[in-house]
Amino acid sequence: MNTDVQTCLLLGNPVGHSLSPLIHNTAFLHLNLPVKYKSVLVETGELEKFVRQIDGTTVLGANVTIPYKQVVIGFLDDLTEVARSVGAVNSIFMKEGRLTGHNTDVEGFLAPLRDLVLEGVNVLVLGAGGAARAVLVALRHHAGVGDITVIARDLNKARAMCRDLGIGLAIPTAELPDTVLKTGLIVNATPVGMGKGNDASPLPVDARLTPGHIVYDLIYVPSETRLMRVARSRNARVLGGLPMLIAQAAAAFKLWTGREMPVGAVERAINEHLQASSSAG
Ligand code: NAP
């Protein structure tokens, strides 16, 4: 083994379509750091073995993705407060000799909202999965937002999430069109509309989007979803998932290396990659 090169790992199954290797390897190369980011397809029962390789010296840290974000908690020494609140880990790093789990989706979600005034703005979150949990925890830290409403296809799951996190009110899907009218920020935390050529929208056609809305779709492929397209056509302010993806990666990068991610270089690499893959059909 070449001990001069350090590694960071992506642990998940599947891992093939992740943009994380491109993001981190671009950043390591740009900063001339002798670190390689490697995807590891982890089979059932293998997770602990890979987590134990993280020592902060040769293996600096890891990202964790589907389906291991929760189960990995059992193999860690510590969780950050954020990871504990979300109940899921997407990044592991060594802190004072202890394997520590963090969730960088929370700061990733907040990054594109930093310059917006959200004081008193009511928020509608669509979905009740891992991303929705991170969004709710993030909104709890975003001082001054108004009412937070959650709509998901499984009302009981949405209710349980709100109860568990102590934030938000879950209501039935039938109330979606009326809720849109009372909402300033709409966050899509479902995969509806995700994937090349997918033209689905999580909002019904009768949902009335206006120039007063901020529509934030966490999906990053395609870079403009149908929801974003419709919102833009109504002159709403539109945010896509790419800045969040990069910001959550930048937060992990900082934990592993202590360095700021060169975000401009990473954005260029991702845009080139997405353009090449969309023109490849
Ligand atoms: P997840 O844990 O599987 O949760 C997905 C949520 O959407 C669940 O509430 C699920 O309902 C619901 N859902 C799934 N299919 C649906 C459908 N056809 N109609 C209505 N609701 C549906 O997934 P996640 O990790 O939260 O990710 C959600 C989205 O956020 C994905 O598109 C992901 O790419 C994106 N994301 C982006 C970033 C970023 O950095 N930009 C970070 C994290 C996630 P059930 O529970 O009933 O299945």
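This is a predicted model: local features need pLDDT of at least 70, side-chain atom pairs count only at pLDDT 80 or more; totals for chains, interfaces and linings use all residues.

How much space lies in the largest cavity? I get about 30 Å³ for it.

Cavity entry. I counted cavities of 30 Å³ or more and came out with one.

Helix entry. Next I went to helix 1, residues 20-30, and asked which of its residues are buried. My list reads Ser 20, Pro 21, Ile 23, His 24, Thr 26, Ala 27 and Phe 28. A reminder to myself: residues three or four places apart on an α-helix point the same way, because there are 3.6 residues a turn. What do the buried residues of helix 1 pack against? I found strand 1 (6-12), strand 2 (35-41) and strand 3 (59-64), plus helix 9 (242-257) and helix 10 (263-279). I also checked what follows helix 1 and noted Asn 32, with a positive phi near 60°.

Ring entry. My search for aromatic pairs turned up three. I looked into one of them, Tyr 37 with Trp 256: the ring centres are 6.2 Å apart and the planes sit at 40°, so I logged the pair as tilted. Tyr 37 belongs to strand 2 and Trp 256 to helix 9, so this pair ties together parts 219 residues apart in sequence. Buried or exposed, these two, Tyr 37 and Trp 256? Both came up buried.

Note on methods:
Residues are numbered from 1 along each chain as its sequence is written. Side-chain values use heavy atoms; hydrogens and water are left out. On a 1 Å grid over the protein atoms alone, a cavity is a set of points where a 1.4 Å probe fits but cannot get out, and a pocket is an open set with protein on both sides within 12 Å along at least five of seven lines; lining residues have an atom within 4 Å of a point. Grid points are joined across faces, edges and corners, and a volume is the space filled by probe spheres set on the points. Buried means under 20% relative accessible area, exposed over 50%, partly exposed in between (1.4 Å probe, protein chains only). Helices (H or I, at least four residues) and strands (E, at least two) are DSSP runs, numbered from the N terminus. Contact means heavy atoms within 4.5 Å. Rings of Phe, Tyr and Trp (its six-membered ring) pair if their centres lie within 6.5 Å; planes under 30 degrees apart count as stacked, over 60 as edge-to-face and the rest as tilted.
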